[in-house]
Amino acid sequence: MTDLSGEQVIAEVRAEIGPKTLLAFSGGKDSIGAYLALRDTFEVVPYYLFRIPNLEFVEESLTNYEKFMGVHIIRLPHEALPRWLNNYVYQSPGNAAVIEAARIPEHEYSDCIDWACQIAGLDPKKMMAAIGTRAADNQIRYMQFKKYGAINRVKRQYSPIFDWKKDRLLEAIEKSGVKLSVDYKLFGRSFDGLDYRFLAPIKKHFPRDWQKICTWFPLVEAELYRYERGKAS
């Protein structure tokens, strides 16, 4: 494990990049914790990576977080979106020819950092993005921090709360007064995929968002059918 504490990681990065920092903001508890750890040291510039554009329940949560933080959250496409489309995930035969003709460009996570810098007027060669990963989440992350530390200058990322345990995270969130997104009531975590645990609640509680998902992925109903059929057998 790195010899630095989370507070020392923040201080070291602050000395390198100056008064502003990007924050990869998922709307989940860990990204909220990262914001709370950073806000007294940095002017935080959060960005959110959407997997499907303009879902109403996502936008409502982001708007609430913007009010809490007092800053605009930049919206950018997650690298999964063009990859899903180019691999015809839940696509109808009619869409396949359109997708092939469109030649949708794919991008990497590092491109999102560059785009956020461009929008915010920051120097991408100097800037790093904070992420809310914690060593206590699981054994894989613990080993990653032990091997690479909490600052990854190659990926331009750092983890200001890598050493926080769950109790500390929950206490910080409770003291801040921030209201968690509806995701936690429906999914138990932030929305981040096209599997049953997200799709079934969205279809039930957010029909307009469900229709948007079906517009992008016309055969997504197959995920619900597959799960429910398998559960019944």
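I looked up D137 to begin with: at 28% relative accessibility it counts as partly exposed, since buried means under 20% relative accessible area, exposed over 50%, and partly exposed in between (1.4 Å probe, protein chains only). This is a predicted model, where local features need pLDDT of at least 70 and side-chain atom pairs count only at pLDDT 80 or more, while totals for chains, interfaces and linings use all residues. Residues are numbered from 1 along each chain as its sequence is written, and side-chain values use heavy atoms, with hydrogens and water left out.

What does D137 pair with? R134 forms a salt bridge with D137, the closest N and O atoms being 2.7 Å apart. For a salt bridge I need a side-chain nitrogen of Lys or Arg within 4 Å of a carboxyl oxygen of Asp or Glu. R134 counts as buried, at 6% relative accessibility. I also noted a network of salt bridges that links D30, R134, D137 and R141.

**Other salt bridges**

By this rule I get a count of 16 salt bridges. One of them joins the side chains of K20 and E43 (4.0 Å, N to O). That pair links distant parts of the chain, with K20 in strand β1 and E43 in strand β2, 23 residues apart; helices (H or I, at least four residues) and strands (E, at least two) are DSSP runs, numbered from the N terminus. K20 is partly exposed at 30% relative accessibility, and E43 is partly exposed at 46%.

I then checked E56, which forms a salt bridge with R208, closest N and O atoms 2.8 Å apart. Here E56 sits in helix α3 and R208 in helix α11 (residues 207–216), 152 residues apart. E56 is partly exposed, with a relative accessible area of 33%, whereas R208 counts as exposed at 58%.

**Aromatic pairs**

My search of the whole structure finds 12 aromatic pairs. Rings of Phe, Tyr and Trp (its six-membered ring) pair if their centres lie within 6.5 Å; planes under 30 degrees apart count as stacked, over 60 as edge-to-face and the rest as tilted.

F25 and Y65 form an edge-to-face pair, 5.1 Å centre to centre with 80° between the planes. F25 lies in the loop between β1 (20–24) and α2, and Y65 in helix α3, so the pair ties together parts that are 40 residues apart in sequence. Both F25 and Y65 are buried.

I also looked at F187 and F198, edge-to-face as well, at 5.1 Å centre to centre and 80° between the planes. F187 counts as buried at 13% relative accessibility, and F198 is buried with a relative accessible area of 0%. Ring pairs link F57, F187, F191, F198 and F206 into a cluster.

**Pockets**

Where does the space lie? About 1400 Å³ lies in the largest pocket. On a 1 Å grid over the protein atoms alone, a pocket is an open set of points where a 1.4 Å probe fits, with protein on both sides within 12 Å along at least five of seven lines, and lining residues have an atom within 4 Å of a point. A volume is the space filled by probe spheres set on the points, which are joined across faces, edges and corners.

I count 44 lining residues for the largest pocket, with Y109, I131, G132, T133 and R141 nearest its centre. Helix α7 gives the largest share of that lining, five residues.

The second largest pocket holds about 200 Å³ of space. Its lining includes F57, E60, Y65, K179 and F206, and the largest share, five residues, comes from helix α3 (residues 56–69).
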